[in-house]
Amino acid sequence: MSINGYQDLMQGPLQTYLQLSKQLGGDIATHANLVNDAFQEQLRYIQLAASRSKPSDGEQVQLLKSTSDKISAIQQYREKNRASNFFNHLSAISESVPALGWVAVAPTPAPYVKEMNDAGQFYTNRVLKEWKEKDKTHVEWCRAWVQLLSELQAYVKQYHTTGLVWSGKGAGAPPPPPLGGMPPPPPALPEVDFANMTADDRSALFAEINKGEAITNTLRKVTSDMQTHKNPQLRQGPAPFKAAANSTVPSKALPTPGAGKLDKPPVFARDGKKWVIEYQKGNSNLVVENAEMNNVVYMFRCRDSALTVRGKINGVVLDSCTKCAVVFDNLVSSVEFVNCQSVQMQVLGKVPTVSIDKTDGCQIYLSKDSLDVEIVSSKSSEMNVLVPKANGDYAEHPIPEQFKTVLNKPPTGLSTTPVECKG
């Protein structure tokens with residue numbers, strides 16, 4: 001199944017990318033041939049994994065050398081052709097093709113593929129900006145490459161969720177069973193011989209069942225002297241599940257919610273093209289400066305904190321943050337909110353896209369240069385867009401959360417419209 005899935009990937013999205021590259025020709029077509037060689041080499045590696053057990057670390061490095069050489073050839077071609085008219089095309093591939101290194105990543109190879117796909121967006125956006133009005137083939141080429149890596153991510157998530165799966169053939173014998181042997185069988189139920197039950201016994205049984213409400217006549221009646229609410233002396237003594245006053249047994253406190261979960265130390269670091277900001281609490285002075293246009297800021301599990309991003313970068317991501325705010329100048333791609341609560345953003349310059357996913361409470365403050373922004377939301381609530389007015393104030397517009405879907409007449413599909421709440 002793993003091999004068939006990868007072959008489908010190569011026969012579908014990869015072929016689309018190769019055909020569009022051939023149409024564009026030149027350095028793009030030559031570069032695409034190197035990409036095809038890298039995918040072919042990875043297919044051979046996956047076929048090898050399906051036929052043997054996992055190798056040692058040293059042997060694995062040797063087995064991956066061919067794939068590594070193919071990726072290096074793709075990146076070296078870009079470096080040797082920096083004067084090419086299609087340098088942005090070559091760079092988009094070179095920056096994201098390390099996604100093929102997922103075979104050596106564990107336990108989260110699929111997010112690694114997505115990270116590499118995002119790394120190439122800076123150059124694909126340049127291609128789109130330069131060619132969208134000149135030649136639509138370049139636009140389709142960008143979409144084909146991004147779709148190829150997205151399909152690769154889906155393939156890895158489905159077949160190799162925690163890392164490349166090896167067949168295990170040739171491995172040692174299975175471990176022996178634990179000491180002590182198998183647990184004893186459950187006790188047998190007592191045998192009842194219904195076949196030898198006399199007719200009188202059966203008749204008496206069914207007669208009792210068919211009495212209906214009269215079956216309770218034989219129950220013992222609770223008299224007034226047995227009722228605790230009429231006889232306080234019956235309520236004397238320790239209450240159930242509560243130790244007596246003279247008891248020496250220490251009481252055990254209930255666990256506090258969240259106790260036992262250790263807070264990780266805060267992180268503020270730059271890792272290549274990625275700024276990592278994690279586990280910050282009550283810090284309103286977080287500042288990212290001197291960032292480059294291809295950099296991405298990733299803010300994870302922060303609380304009661306504020307981030308300022310100066311300059312123009314590729315994108316900003318807030319993941320699992322609570323009561324946080326981000327202020328930035330300009331973004332090339334988008335700002336994303338995922339699994340957040342009570343967050344705010346303010347753009348001082350321009351941002352093309354705002355993405356909101358599984359977030360409750362998001363305030364979006366726009367600038368005059370960002371009025372053409374696209375906002376994409378899913379599974380989120382309490383979202384508001386604040387648009388600047390001439391007097392310096394903001395006009396607030398809620399993003400719809402409730403929708404109405406009806407069947408078209410004649411039935412040719414569905415029509416969905418937001419539901420306005422009037423109160």
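## A buried tyrosine

Tyrosine 6 counts as buried because its relative accessibility is 0%, where buried means under 20% relative accessible area, exposed over 50% and partly exposed in between, with a 1.4 Å probe and protein chains only. This is a predicted model, in which local features need pLDDT of at least 70 and side-chain atom pairs count only at pLDDT 80 or more, while totals for chains, interfaces and linings use all residues. Residues are numbered from 1 along each chain as its sequence is written, and side-chain values use heavy atoms, with hydrogens and water left out.

## Aromatic pairs

The structure holds 12 aromatic pairs; rings of Phe, Tyr and Trp (its six-membered ring) pair if their centres lie within 6.5 Å, and planes under 30 degrees apart count as stacked, over 60 as edge-to-face and the rest as tilted. In one of them, the rings of tyrosine 6 and tyrosine 155 have centres 5.4 Å apart and planes at 65°, so the pair is edge-to-face. This pair links distant parts of the chain, with tyrosine 6 in helix H1 (residues 2-24) and tyrosine 155 in helix H8, 149 residues apart; helices here are DSSP runs (H or I) of at least four residues, numbered from the N terminus.

Tyrosine 155, which is buried with a relative accessible area of 4%, also forms an edge-to-face pair with tryptophan 102, at 6.2 Å centre to centre and 75° between the planes. Because tryptophan 102 lies in the loop between helix H5 (87-96) and helix H6 (109-119) and tyrosine 155 in helix H8, this pair ties together parts that are 53 residues apart in sequence. Ring pairs link Tyr6, Phe39, Trp102, Tyr155 and Tyr159 into a cluster.

How values were computed. Helices (H or I, at least four residues) and strands (E, at least two) are DSSP runs, numbered from the N terminus.
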